Amino acid sequence: MTLLDDPRLTALAGPLLDDPDTDWDGARELTYALHQCVRYTYSAPARDIRQRLMLVPPARHGDQRRIAYGVTADAANARRRERVDAFGNVVTDFRMQAPTTSIVFEAWALVTRRPAQCPQSVTTARHFMRPSRLTEPDAYLTDVSASLGGGRIPDLALAEAICDWVWRALRYEHDATSVQTTAANAAALGRGVCQDFAHVMVTLCRLAGMPARYVSGHLLGEGGSHAWVEVLLPDPQRSRVRVAHAFDPTHGTRTGSRHLTVAVGRDYEDVAPLSGTCIAPVAGT
């Protein structure tokens with residue numbers, strides 16, 4: 001069954017693309033239909049293809065609730081295994097051993113949310129305090145953190161100041177960086193794409209004593225994946241519980257109903273939508 005075959009879609013009304021005249025954040029309840037197709041082609045047969053897909057939102061994340069989903073591969077010999085990783089993300093692993101010159105992966109999901117509900121609660125944040133390979137700070141980012149008030153008690157105002165600094169310090173530019181670019185390198189360049197903005201903000205938040213996690217998802221009305229940041233701050237009402245406050249440093253704002261979370265991790269490498277290997281005499285596209 002594909003997205004378009006699922007009878008639950010008949011309950012949806014209205015366009016699935018962004019409408020600038022719609023007050024998404026003012027809605028009491030929203031339903032999202034997410035559909036992605038990815039094709040790999042090889043000019044010569046490839047074999048022993050191993051692919052990891054992180055394209056499906058979790059069952060619950062803050063005010064999000066996943067109500068249906070599916071992930072398929074069109075290869076007849078595809079072996080599929082689904083699991084939930086240490087961060088609560090849905091991971092689908094495929095392995096295709098027989099040679100092939102083309103393979104298509106398809107993922108779909110239906111997600112509902114009620115924006116007025118409480119934000120995401122987090123009981124542990126230790127994984128999101130330590131630097132990761134892509135968020136290792138350098139002297140420049142350490143100085144920036146200190147200048148933004150990294151010595152004071154971490155709070156929401158500090159997170160907002162960091163988000164604003166990243167938005168102003170980096171210029172959005174395609175092809176200036178890659179998925180291997182670190183936060184320190186992106187900050188030195190002063191440009192990059194959404195994952196670079198997110199890596200720099202995550203690094204600065206951790207330097208300031210605030211656990212922060214990288215978020216992979218979608219921004220309504222944009223075609224590809226998007227990235228932003230969740231800063232994990234203490235809940236004043238409950239001891240030993242933290243609340244995830246989400247920021248989009250690429251746009252210099254808090255996130256809203258146009259942001260749909262798919263996965264969270266320490267950096268991009270934890271949540272890459274597609275990753276894998278194969279044995280082939282030529283590269284795939």
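In which loop does Asn 89 lie? Select Asn 89 to begin: the residue sits in the loop between β4 (79-84) and β5 (90-96). The model on display is a predicted one, and each stop below names what to select and what is found there.

**Stop 1: Asn 89**

The relative accessible area of Asn 89 is 2%, so the residue is buried, the cut-off being under 20%. The side chain of Asn 89 reaches the backbone oxygen of Val 264 at 2.7 Å.

**Stop 2: Ser 216**

Select Ser 216, in strand β10 (residues 212-219). Ser 216 has a relative accessibility of 7% and counts as buried. Not counting residues up to four places away in sequence, Ser 216 touches His 226, Thr 261, Val 262, Ala 263, Val 271 and Pro 273.

**Stop 3: the whole chain**

Return to a cartoon view of the protein. Five helices and 15 strands are present. Of the 285 residues, 48% are buried. Among contacts with a separation of 6 or more, 71% join residues 24 or more positions apart.

**Stop 4: helices α1 and α4**

Colour helix α1 (residues 139-147) and helix α4 (residues 194-207). Their axes come within 9 Å and cross at roughly 60°, and the crossing is right-handed. On the α1 side, display Leu 141, Thr 142, Val 144 and Ser 145; these meet Val 200, Thr 203, Leu 204 and Leu 207 in α4. By class, the residues of this contact are five nonpolar, three polar and no charged.

**Stop 5: helices α2 and α4**

What angle do α2 and α4 make as they pack? The angle is about 145°, and the axes are 10 Å apart. The crossing of α2 and α4 is right-handed. From α2, select Ala 159, Ile 162, Cys 163, Trp 165, Val 166 and Trp 167; from α4, select Phe 197, Val 200, Met 201, Leu 204 and Cys 205, and the contact is on screen. This contact comprises 11 nonpolar residues, with no polar and no charged ones.

**Stop 6: the nonpolar cores**

The largest nonpolar core has 43 residues, of which Ile 162, Val 200, Met 201, Met 210 and Val 231 touch the most other members. Helix α4 gives the most to this core, with eight residues. Centre the view on Val 200: leaving aside neighbours within four places in sequence, Val 200 is in contact with Leu 141, Trp 165, Val 166, Leu 170, Ala 183, Ala 186 and Ala 187. Then select Val 38, Tyr 40, Val 56 and Met 96, which are included in a second, separate core of 17 residues.

**Stop 7**

Select Ala 78, in the loop between β3 (64-73) and β4. With a relative accessibility of 26%, Ala 78 counts as partly exposed. Ala 78 touches Ala 73, Phe 94, Arg 95 and Met 96, not counting residues up to four places away in sequence. A C-alpha to C-alpha line drawn from Ala 78 to Asp 93 spans 9.9 Å, and these two residues are 15 apart in sequence.

Move to Gly 70, in strand β3. Gly 70 is buried, at 12% relative accessible area. Not counting residues up to four places away in sequence, its contacts are Glu 106, Ala 107 and Trp 108. The C-alpha atoms of Gly 70 and Ala 109 are separated by 6.5 Å, although the residues are 39 apart along the chain.

**Stop 8: two positive phi angles**

Finish with two aspartates. Asp 48 has phi near 50°, a positive value in a residue other than glycine. Asp 48 lies in strand β1 (residues 30-53) and is buried at 17% relative accessibility. Asp 175, also not a glycine, has a positive phi of about 70°. Is Asp 175 buried or exposed? Its relative accessible area is 78%, so Asp 175 is exposed. The residue lies in the loop between β8 (171-172) and α3 (183-189).

Definitions and conventions:
Residues are numbered from 1 along each chain as its sequence is written. This is a predicted model: local features need pLDDT of at least 70, side-chain atom pairs count only at pLDDT 80 or more; totals for chains, interfaces and linings use all residues. Side-chain values use heavy atoms; hydrogens and water are left out. Axes are lines fitted to C-alpha atoms, for helices over the stretch in contact, and angles run from 0 to 180 degrees between N-to-C directions. Helices (H or I, at least four residues) and strands (E, at least two) are DSSP runs, numbered from the N terminus. A crossing is left-handed if the near helix is turned anticlockwise from the far one by less than a right angle, and right-handed if clockwise. Contact means heavy atoms within 4.5 Å. Ala, Val, Leu, Ile, Met, Phe, Trp, Tyr, Cys and Pro count as nonpolar, Asp, Glu, Lys and Arg as charged, and the others, Gly among them, as polar. Buried means under 20% relative accessible area, exposed over 50%, partly exposed in between (1.4 Å probe, protein chains only). A polar contact is a pair of N or O atoms within 3.5 Å; within protein, one must be able to donate a hydrogen and the other to accept it, and residues adjacent in sequence count only if both atoms are side-chain atoms. A nonpolar core is a set of buried Ala, Val, Leu, Ile, Met, Phe, Trp, Tyr and Cys residues joined through side-chain atoms within 4.5 Å.
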